[in-house]
Amino acid sequence: MDIRIDDLSGPEVKQILTEHLKDMFAASPPECVFALDLDGLKKPNITFWTVWEGSQLLGCGALKVLDETHGEIKSMRTTSAARNKGIASNLLRHILDAAKQKGLNRISLETGSQNFFAPARKLYAKHDFTECGPFSDYKLDPYSVFMTRSL
């Protein structure tokens, strides 16, 4: 398994992000979807990684630096073929290590409250994320669960 910083230019990356956005809009009202598109993930304060096994894309995830001490997990996704194989946990640990190297001491995220997002909430809880209130520019809404952890 190879985790690498990605420039978001490959067709496999475009496909996984298109699927991700499609699922987010299917599961939540449009005003409660905070997933980033390709352009949104290309901002200078975001590092985007992909996970590969040979030429097969297994997943992706990003770290958005909010300020000098706080970061946000964005666009965590594994392909259907890679689910329940530890890929997301490995990628999440990689992102948390990168956040520590950047000097961040808190990582937060927003995910959905619906059953569709239960596996994501379980993954984050397994990695010591706990529920919290809205952070950054988020507002409280019934479709969002906010989670955080210190590093």
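What percentage of the 151 residues in the chain do buried residues make up? Buried residues account for 48% of them, where buried means under 20% relative accessible area, exposed means over 50% and partly exposed lies in between, using a 1.4 Å probe and protein chains only.

Before selecting anything, note that this is a predicted model, in which local features need pLDDT of at least 70 and side-chain atom pairs count only at pLDDT 80 or more, while totals for chains, interfaces and linings use all residues. Residues are numbered from 1 along each chain as its sequence is written, and side-chain values use heavy atoms, with hydrogens and water left out.

**The whole chain**

Show the chain as a cartoon and follow it along the sequence, where the pattern reads β-α-α-β-β-β-α-β-α-β-β. This secondary structure comes to 4 helices and 7 strands, taken as DSSP runs numbered from the N terminus, with H or I over at least four residues for helices and E over at least two for strands.

Next, select residues 3-151, the span to which UniProt, in an unreviewed entry, assigns the feature "domain: N-acetyltransferase"; such annotations may be inferred rather than shown by experiment. Its end C-alpha atoms lie 21 Å apart, and the span is 30% helix and 32% strand.

**The aromatic rings**

Rings of Phe, Tyr and Trp (its six-membered ring) pair if their centres lie within 6.5 Å, and planes under 30 degrees apart count as stacked, over 60 as edge-to-face and the rest as tilted. By this rule there are 6 aromatic pairs. The ring centres of tyrosine 124 and phenylalanine 129 are 5.5 Å apart and their planes stand at 65 degrees, so this pair is edge-to-face. Then select Phe34, Phe135, Tyr138 and Phe146, which ring pairs link into a cluster.

**Aspartate 141**

Finish at aspartate 141, in the loop between strand S6 (130-132) and strand S7 (144-150). Is this residue buried or exposed? Aspartate 141 is buried, with a relative accessible area of 15%. Leaving out residues up to four places away in sequence, aspartate 141 touches Cys32 and Phe34, a contact being heavy atoms within 4.5 Å. If you draw a distance from its side chain to the backbone nitrogen of tyrosine 143, you will find 2.6 Å.

Definitions and conventions
Polar contact = N/O pair within 3.5 Å; in protein donor to acceptor, adjacent residues only side chain to side chain.
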